[in-house]
Structures are given as C-alpha cells and as structure tokens.
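Good morning, and thank you for coming.

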Amino acid sequence: MLHPSHRMLSKISAFVLSFLIAALLFTSAAQSPTAAGVASINMDELRQRLTYIASEKFKGRGNGSPELSVAAEYIAEVFEKNGLKHAKVGDRYYQSFDMYTSGLGPINDVAIRGVKPDEWKLRARTDFIPERWSVSASISGPMVFLENPTGTQVDLRGKIAVIPEGQGPTDDPEFPENAAIARTLEGAGAVGVIVLHDPMERSVGRITSLAESFRNDLPTRLTPMGTVDSPDYPAVPVVVFASDVARQLIPTLNNPRPDVEATITVDVVRKTFRTQNVLGLVEGTDP
C-alpha cells in the first residue's frame, strides 16, 4: 500500500495481514492491563477478531473497495475501545492518500524513422506497450542504444534511450527495475526510454502480460496499483518493445546513425481512488 509496483501486491497483502494480526494481538492484550506478556493474549478473542476480518463480508478488503473502508473503521473502533491515541497524521486514526489503477488510452503510437525505407509504425499491445506507471506524453528524438546503461556517461540530452530489459538496479527487488533505470537515464537527460524485450525470445508473452495489467475487468487482487505523486518514478514516457521489434532494431542501433529517430506518444489513463492506513499510538513509559 505504501510502495507501488506491479510486484507489490503480494507484499502488500502479507504486510496488511501481519499488521492486522499484530494490531489485534496488541489490542487483545490492552483489554487486560493487569495481565503481562503472552499471558495477556486471549486465543478465543483473537480467533473471533481474525475470523471476522477475514470473513466474506469484507470480500478480500481490496484497495479502493468499500469493504476496505469498513475494515479500516473496524480496526479504528478496536483501537479506540482499547485507548490507543490518534497518531495525528490525519483524520482520527486515518492516514489517507490517493492510489490509482491504469487503463490504456486510445492514443498510443510509436513511429521510427531511419531503420526501414518508410516510416516504421508500431502497433500498441502487439509491437509495444507502455509501462502502466509511465507518464502520458508525446516525445521525439534520436535513439541511442545503451547495451549496459548502468553508470553510463553518455550525454542523453534530448535523446531517447534504448536499453535491454533486465538492466535496472536491484537495491529494492520490489521496485520495478525499468522504473529505476529509466529514472537514472532521465537524470542523464533522456526525454524517453525504450526497453527492449529479449530478442532471443520468440513468444509474445511479455507484451501480452503487460497489456493484461491495463484490463479494466481484472479482479481487485490482480489489479496493479500505484500511489499518486510518488517521487520514485520517472517523469518521462517509458515503453517496452516486443522481441521481434528488438531483433530488427538492434543491428541498426549498434551502428549509430544520427538519422534514426522515433516519435512516441504514451496515453495511460489513471483512475484514482482514496484509501487509508490505520494508525494508533501507544506511548512509552520511560521518560
């Protein structure tokens, strides 16, 4: 819920479940202030609370769902009943923030000049797909292939960086590597980033998988989400090219010519919604 990425959903679920268990354990203990340590945990009471929060009534407590707000209210009521103070980060026990899901807009285009005799028009969902967290924008510029973009010293001002997939930093395995490397390339002046799927791969699975993340009929638990206005993502458009496009493009880019250029339009439509963390404060006794 705090760190958006395509791979964060399982981590979010694990975190929320762990947090719920910890919160309910604590508040069970708080009802008996004279009890100490693990002896203060009432198994039947804890089972009742966890059974309730995991019941069909909450339908999985998906982000953006009314059931998540009901669950938040339940936890806040437990906090209040047990005398937890407000954490003073928002309204009552709530720290509210905006999240989004992504849809693919009608205007996603890529045109490449200098590779084929005529302008090479790529097809969205087949030849390329924007990253779901990409900004929406139209850019044009010469294409520069960076086989090993990490730590590159190339002047990318006004250029479109083209990189193989799998080249991003791995300091945070939960953060999309394409976003991490794109932000670095943006810092070097790139106006956009093209990520090439492995040219040796013959299937279209990668593009198909990314296109699936834009479906508006996905179950909530499978829908990728992000936090609005996160500073961690690049502010330039980022698209992924299919492997068959990469096979045709790489030989030309390996022999740099100033007339190889691209015009890219990314149209990612974001649907935002409000959600919240639930925070309670337990003050220590040691001054």
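This is a predicted model: local features need pLDDT of at least 70, side-chain atom pairs count only at pLDDT 80 or more; totals for chains, interfaces and linings use all residues.

The accessible surface of the protein comes to about 15,200 Å², and carbon and sulfur atoms account for 54% of that surface. Accessible areas here come from the Shrake-Rupley method with a 1.4 Å probe, and for residues only the protein chains shown count as cover.

Residues are numbered from 1 along each chain as its sequence is written, and side-chain values use heavy atoms, with hydrogens and water left out.

The protein has 287 residues, and 43% of them are buried. Buried means under 20% relative accessible area, exposed means over 50%, and partly exposed is in between, with a 1.4 Å probe and protein chains only. There are 6 helices and 13 strands; these are DSSP runs numbered from the N terminus, helices being H or I with at least four residues and strands being E with at least two. Of the contacts with a separation of 6 or more, 77% are between residues 24 or more positions apart. A contact means heavy atoms within 4.5 Å.

Let us now look inside. In soluble globular proteins, nonpolar side chains tend to be buried together. A nonpolar core is defined here as a set of buried Ala, Val, Leu, Ile, Met, Phe, Trp, Tyr and Cys residues joined through side-chain atoms within 4.5 Å. Which residues have the most contacts inside the largest nonpolar core? They are I112, M143, L185, I194, L196, F241 and I264, in a core of 50 residues. Take L196 as an example: leaving aside neighbours within four places in sequence, L196 is in contact with F145, V162, I163, P164, E165, F241, A246, L249 and I250.

I turn next to the helices. In helix α6, residues 243-253, the buried residues are S243, V245, A246, L249, I250, T252 and L253. They lie on the same side of α6, because they cover an arc of only 165° around the axis. The arc is that of the directions from the helix axis to the C-beta atoms. Among the elements that cover the buried residues of α6 are β3 (109-113), β4 (120-122), β6 (137-145), β7 (160-164), β8 (192-196) and β10 (238-241).

Helix α5, residues 205-212, has I207, L210 and A211 buried. Seen down the axis, these residues fall within an arc of 100°, so they line one face of α5. The buried residues of α5 pack against β5 and β10.

In helix α2, the buried residues are E45, L46, R49 and I53. They cover an arc of only 100° around the axis, which puts them on the same side of α2. On the other side of α2, M43 and D44 are exposed.

How do two helices pack together? Two packed helices are described by the angle between their axes and the distance between the axes. Helix α2 (residues 43-53) packs with helix α3 (residues 66-81) at an angle of about 155°, and their axes are 11 Å apart. Axes are lines fitted to C-alpha atoms, for helices over the stretch in contact, and angles run from 0 to 180 degrees between N-to-C directions. That angle makes α2 roughly antiparallel to α3, since angles over 145 degrees count as roughly antiparallel, under 35 as roughly parallel, 65 to 115 as roughly perpendicular and the rest as oblique. R49, Y52 and I53 of α2 make the contact with A71, Y74 and V78 of α3.

Finally, the loops. D127 lies in the loop between β4 and β5 (128-130). Is D127 buried or exposed? D127 is buried, with a relative accessible area of 7%. Not counting residues up to four places away in sequence, D127 touches K121, L122, V240, F241, A242 and V245.

R125 also lies in the loop between β4 and β5. R125 is partly exposed, with a relative accessible area of 42%, and has a positive phi of about 75° although it is not a glycine.
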